[in-house]
Amino acid sequence: GGSDTSIETITVLNTDPTVSSPASISASPSPITTGVLTCSASFSDYNDGSLTPTYAWTLLDGTPLAAVGNTLTIDPNTTNPTDEIVCTASATDNNGASIASNASIVVQNTAPSIDGFSITPGSNVEANTTLEMVLSVSDLDNDTLSIQYNWLSGSGQNLGTGSTLTLNNSYAVGSTITAIATLTDAYGASDTQSGVITIDNTDP
């Protein structure tokens with residue numbers, strides 16, 4: 001009729017969440033200014049099942065970037081070409097255990113563009129006329145731009161390197177002058193436009 005009782009307490013420990021799919025970044029159309037980056041990752045937990053990730057976007061040095069959830073539009077006001085953008089995806093289970101995964105992508109440079117190019121005057125060019133290259137330019141990255149001007153004779157001789165060239169009577173009637181403008185950004189990408197004018201006869 002005797003009895004003995006033993007009680008043992010077992011504590012169920014939380015299982016830490018795991019990475020189902022590590023963070024990755026896709027770019028549309030590419031990782032350039034105005035391009036849209038999308039970060040994706042998935043996490044799971046033995047106790048809680050699939051976990052909903054949250055996303056944070058920063059530069060490599062930790063500077064935060066404005067984003068909407070898992071998407072970020074590359075902004076020239078907050079990033080520059082060659083900057084590395086980091087997406088950190090994280091999740092927390094119901095017991096407070098957390099996990100994170102990150103991925104990064106480098107912002108590519110976009111070449112500047114000469115949107116408009118003309119030589120003025122473009123006709124009735126005579127001796128003692130001052131020619132001018134007139135340009136309109138743009139750059140998606142808002143980089144600092146430089147312009148190189150070159151005026152070449154028909155034989156390839158360099159006549160000047162300014163935006164203007166003043167002719168004199170040494171230029172033969174019917175000869176040609178080629179105007180070349182090269183636009184370069186801070187990363188060495190460039191765009192070039194050129195045009196040709198012909199020297200007309202000057203009435204006596």
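Reader: Between which two strands is the loop in which Pro29 lies?

Author: Pro29 lies in the loop between strand S1 (18-28) and strand S2 (36-45); strands are DSSP runs of E with at least two residues, helices are runs of H or I with at least four, and both are numbered from the N terminus. The model is predicted, and local features need pLDDT of at least 70, side-chain atom pairs count only at pLDDT 80 or more, while totals for chains, interfaces and linings use all residues. Residues are numbered from 1 along each chain as its sequence is written, and side-chain values use heavy atoms, with hydrogens and water left out.

Reader: Is the peptide bond from Ser28 to Pro29 cis or trans, and what joins Thr120 and Pro121?

Author: As a general rule, most residues other than glycine have a negative phi, and most peptide bonds are trans. Here the bond from Ser28 to Pro29 is cis, its omega being near 0 degrees. Thr120 and Pro121 are likewise joined by a cis peptide bond, with omega of about -10 degrees, and Pro121 is in the loop between S8 and S9.

Reader: What is the phi of Thr34, and what is that of Asn124?

Author: Thr34, which is not a glycine, has a positive phi of about 75 degrees, and its place is the loop between S1 and S2. Asn124, also a residue other than glycine, has a positive phi near 55 degrees and is found in the loop between S8 and S9.

Reader: Which order do the strands S4, S6 and S7 take in their open sheet?

Author: Strands of a sheet pair through backbone hydrogen bonds, either parallel or antiparallel; two strands are taken as paired if DSSP finds at least two bridges between them. In this model three strands form an open sheet in the order S4-S6-S7, and their pairing is antiparallel. Strand S4 (54-59) and S7 stand at its edges with a single partner strand each, so one side of each is left without a neighbour in the sheet. From one strand to the next the twist averages 20 degrees, taken from lines fitted to C-alpha atoms.

Reader: How many bridges join S6 to S7, and which residue of S7 is the bridge partner of Glu84?

Author: Nine bridges join strand S6 (residues 84-92) to S7, and the two run antiparallel. Glu84 has Val106 of S7 as its bridge partner, and Val86 stands opposite Ser104 in S7. S6 and S7 form a hairpin with five residues between them, and Gly96 in the turn has a positive phi of about 90 degrees.

Reader: Which residues make up the covered face of strand S7?

Author: In strand S7 (residues 98-106), Ile99, Ser101, Ala103 and Ile105 form the covered face, while Ser98, Ala100, Asn102, Ser104 and Val106 form the uncovered one.

Reader: Where is Thr79 placed, and which residues does it touch?

Author: Thr79 is in the loop between strand S5 (71-73) and S6, and this residue is buried, with a relative accessible area of 4%. Leaving aside residues up to four places away in sequence, Thr79 touches Leu59, Leu65, Ile74 and Ile85, contact meaning heavy atoms within 4.5 Å. A polar atom of the Thr79 side chain lies 2.9 Å from the backbone oxygen of Asp75.

Reader: How many helices and strands does the protein chain have, and what does its C-alpha trace span along the principal axes?

Author: The protein chain has zero helices and 14 strands, and its C-alpha trace spans about 140 × 25 × 20 Å along the principal axes. Of its 204 residues, 31% count as buried.

Conventions
Buried means under 20% relative accessible area, exposed over 50%, partly exposed in between (1.4 Å probe, protein chains only). Axes are lines fitted to C-alpha atoms, for helices over the stretch in contact, and angles run from 0 to 180 degrees between N-to-C directions. A polar contact is a pair of N or O atoms within 3.5 Å; within protein, one must be able to donate a hydrogen and the other to accept it, and residues adjacent in sequence count only if both atoms are side-chain atoms.
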